[in-house]
Amino acid sequence: MKLNFLLFLLLLTTTLTAQPLYVNKLRCNNKVNPVIDTPTPLFSWQLQAGPENKNILQTAYHIQVGSSSEQLTKGRKLFWDSGRVQSEQSIQVPYSGPELSSRQRLYWRIKVWDNQGHESPWSDIQHWEMGMLQASDWNAQWISPSWEEAEKELNPPAMLRKSFSLKKNIHKARLFITAHGIYEAHLNGQKVSKELFRPGWTSYQHRLEYQTYDVTRLLTSGQNAIGVYLGDGWYRGNFGFGHNWNPYGTKTALLAQLEIEYENGKKETISTDDSWKATTGPIRMSSFYHGETYDARLEDPQWATIEYDANNWKEVMVADHPKGRLICPETEPVKRIQEIKPDSIFQTPKGETVIDFGQNMVGWVKIKVSGSRGDTVMLRHAEVLDQEGNFYLGNIRSAQQKIIYILKGEEEEIFEPHFTFQGFRYVRVDKFPGDLTADKLSAVVIHTALEKTGAFECSNPLINQLQHNILWGQKGNYLEIPTDCPQRDERMGWTGDVQVFAATGSFNYDSYTFLSKWLKDLKADQLDNGSVPYVIPDIHYKNGSTGWGDASAIVPWALYLKYGDKGILERQYNSMKEWVGYLEKLAGDNHLVQDGAHFGDWMYFVHPLHNEPKPGHTDIDLIATAYFARSARLTAKTAAVLGQLDEQKRYEALFKSIKKAFQYEFVTSSGRLSPNSQTAYVLALSFDLLEEEQIPKAVNYLVDNIKKRDFHLSTGFLGTPLLCHVLSEHGHTDIAYKLLLQETFPSWLYPIKLGATTMWERWDGIEPDGSFQEVYANSFNHFAKGAVGDWMYSVVGGIRHDEKYPAYKHIIIKPEPSPELAYAKAELESPYGLIRSYWKYQEGKLLLEVVIPPNTTAAIYLPHASGEEEVVEVGSGRYFFEIDD
């Protein structure tokens, strides 16, 4: 059938009299107005042109940096002026001015020129601030509570405070603060910040973040007081599998330095030292796993004010902890994001009072309660109900997820916990005084406050719910680090989960700083033999598994493609090489990884297929060797990007040797793999481990396997993210759609038919008869199998990157529509701006709308039912296509 298409360029005629060119979304080190400690900040910005302008490319930029905003606006001498620089580069542009010093705040702005003669006005002014660049910048001392504490019990969080006097005319004040544990700081009775669980979680032995807060407005001339709660967090207490205690130490500690500058230029510093006092207070216990016990009878709202009498508080002790590992925050903080009201309050068959919030989430419950002094309210948190509709706690294992609040007896008391979070949809309420109504409770959703960048929707409401579940799985598990699950006694940074989800997660949210920070911890915790621990940050699990440790190569490469920063490849390159070197030693001369501890295709589905004893199973040796090849190839690609040509050749040769060994060991002469599993074919095809003549046969075996299962998958953590991609790459997108749209067990939509609002760890977390899988690993909030999102966005939606031009500098728009859907739309706020691909069927035609941001170009593939394909190269702008059958 002849291919006809009509290209409409709505309001896109190029003229030199069009609306002006603007610059917006200024970023320094990928953040807005950050505090940093890198000697060479990186600047990024976006161009914005009027709708009449298309094919816009930046031709030059001009950056100005001043010590004050007035320097920029009033023509005074600048700290640095780049002058006009002829360049298309608008992301990751390095600062090249004078050397920077501790505590220095600088202001910057930019203007640009484009290829059509436009000159932008100056942008809005942004700033960045340098943190403490040397350990000697700290004169504060580490302090800890002086009393004895039990090493294997949940001790009450400490309260530390100090009063001090300041002179008049305060110009500015900065609080530099960190902890062993997590802290909540107050000045004169007010919280210093809304950020949660600071200083966050890093590889504490090597890297500990501190925060910098502008506290000028919280201080006054005369008497002042500072107070700090100090909780266990990730540092100590019961954290890790089972009965693991105190992963980093047995004593919490505080380091704080308050620096005040007066209007006359004089400075004063208030620091942690032996003059501080400490006690315990109303928080009797607080633990990420086990919840919080709060006795409101012990609270005094004046405890961090000058009016409070702390004479009965105890002395602190000065601790000798290093300061050379202190770093500025590298990503966004955890914050309160939203509140959700109850969907319903009901009685279970067992008579339990349960609240359903209608959404599996991560956070806590805020309560409003009135009662007598000493009344106790208890909340328990769960993800699901059991077969009979009763409250179910089996899958959270030893984690208590329990909040206990003891009333002080006032008219109305409002409580939220401090140093804990729960994974839950359902909350059981015990001993609530009076009537429990929906207005007395709300669920507070928390997660790392990343910018949402991606969106996907289509005509099928179940697929839209799948996208919803992918998003909420990411929200709940992108909490300070990328975790596996948020509810049971685990909540750790499993490397395998991250590596399969990194591309999907980086579409939905701007994940660059979040994952870049995590990768630095991976590099810090990598073992001397090159092995990468199962979890990062590592808390005593030293083993490395293929498919998990390969995150050291896969995640940096994914971030490079998404965000275009060569710096992340430079930082992680040695880590990649060390991991590949570790696998080389395991493999030996035959290049087959047949040694070591490996998880394989975790949570693959076991389902009868003829008489196979373990249907769906993929040999661990095959998986391990395939991932060995994958990391070797990515290391070769990274070497090429970095200009390390000799090393590129070495790793390309290594890949070829592994490929040859893989074929000899696992591929028959007919092209059949042993084992004959979906994951085996997916890895072999995706990682380019087959010869050209073997590929069609392998694809046919894969398709035949899927058809024999009546279009159901059997893949686990490692096979699932690649399954639909492999099918589409080899001409079977129709089969991929059948898998995506499959509603019966096992499938992506099966949990949704049962009411799931997040992704599950298992395909069969809840069996068709309503029973549960084994409790040792049955999370109902686990993002790994949501990695199918990457295929939805790039193949169904059509937004793809071009590996030669990372960060979507050259965009590939290539949707593969199916009659199974009436429309699909994908949008991505890329580093250069908004990309949109929106197709729909209408009156026998396929309509396609495309938006390409300024300073980029795109190849648009126009799909057609006949299989014919037309490629249109375009610049920035908005385009409409109409395709006839």
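The model is predicted, and the mean pLDDT of the protein chain is 94.

**Confidence**
- Across the chain, 96% of the residues reach a pLDDT of 70 or more.
- Residues 1-18 are a stretch to watch, with pLDDT below 50. In the model, this stretch still has 54 contacts beyond near neighbours in sequence.

**Strand 28 and its partners**
- Strand 28 covers residues 353-369 and is mostly covered, with 14 of its 17 residues buried.
- Strand 27 (residues 344-347) runs antiparallel to strand 28, and four bridges join the two. Gln 347 sits opposite Thr 353 of strand 28 in this pairing.
- Strands 27 and 28 make a hairpin, with five residues between them. In the turn, Gly 351 has a positive phi of about 90°.
- Strand 32 (residues 422-430) is also antiparallel to strand 28, joined to it by six bridges. Here Ile 355 has Val 427 of strand 32 as its bridge partner.
- Strand 33 (residues 441-448) connects to strand 28 through five bridges, again antiparallel. Look for Ile 367, whose bridge partner in strand 33 is Leu 441.
- Strand 31 (residues 413-415) pairs with strand 28 in the antiparallel sense over three bridges. Lys 368 stands opposite Ile 414 of strand 31.
- As background, strands of a sheet pair through backbone hydrogen bonds, and they can do so parallel or antiparallel.

- Four strands make up an open sheet in the order 37-38-42-43, and the pairing is mixed.
- Its edges are strand 37 (799-801) and strand 43 (870-874), each of which pairs on one side only.
- From one strand to the next, the twist averages 25°.
- Strand 42 (residues 857-862) pairs with strand 43 in the antiparallel sense, over five bridges. Within that pairing, Ala 858 faces Val 874 of strand 43 as its opposite number.

- Another open sheet has three strands in the order 2-4-8, with antiparallel pairing.
- Strand 2 (22-28) and strand 8 (93-94) are the edge strands, and each pairs on one side only.
- Five bridges link strand 2 with strand 4 (residues 42-48) in the antiparallel sense. If you want a pair to pick out, Asn 24 has Gln 46 of strand 4 as its bridge partner.

**Helix 2**
- Helix 2 takes in residues 461-477, which makes 17 residues. From its first C-alpha to its last it reaches 24 Å, close to the 24 Å expected at 1.5 Å a residue.
- Of those 17 residues, 13 are buried, so helix 2 is largely enclosed by the rest of the structure.
- At the start of the helix, Asn 460 puts a side-chain oxygen within 2.8 Å of the backbone nitrogen of Leu 462.

How values were computed. Residues are numbered from 1 along each chain as its sequence is written. This is a predicted model: local features need pLDDT of at least 70, side-chain atom pairs count only at pLDDT 80 or more; totals for chains, interfaces and linings use all residues. Side-chain values use heavy atoms; hydrogens and water are left out. The expected span of a helix is 1.5 Å times one less than its number of residues. Buried means under 20% relative accessible area, exposed over 50%, partly exposed in between (1.4 Å probe, protein chains only). A polar contact is a pair of N or O atoms within 3.5 Å; within protein, one must be able to donate a hydrogen and the other to accept it, and residues adjacent in sequence count only if both atoms are side-chain atoms. Two strands pair if DSSP finds at least two bridges between them. Axes are lines fitted to C-alpha atoms, for helices over the stretch in contact, and angles run from 0 to 180 degrees between N-to-C directions. pLDDT is the predictor's confidence in each residue, from 0 to 100. Contact means heavy atoms within 4.5 Å.
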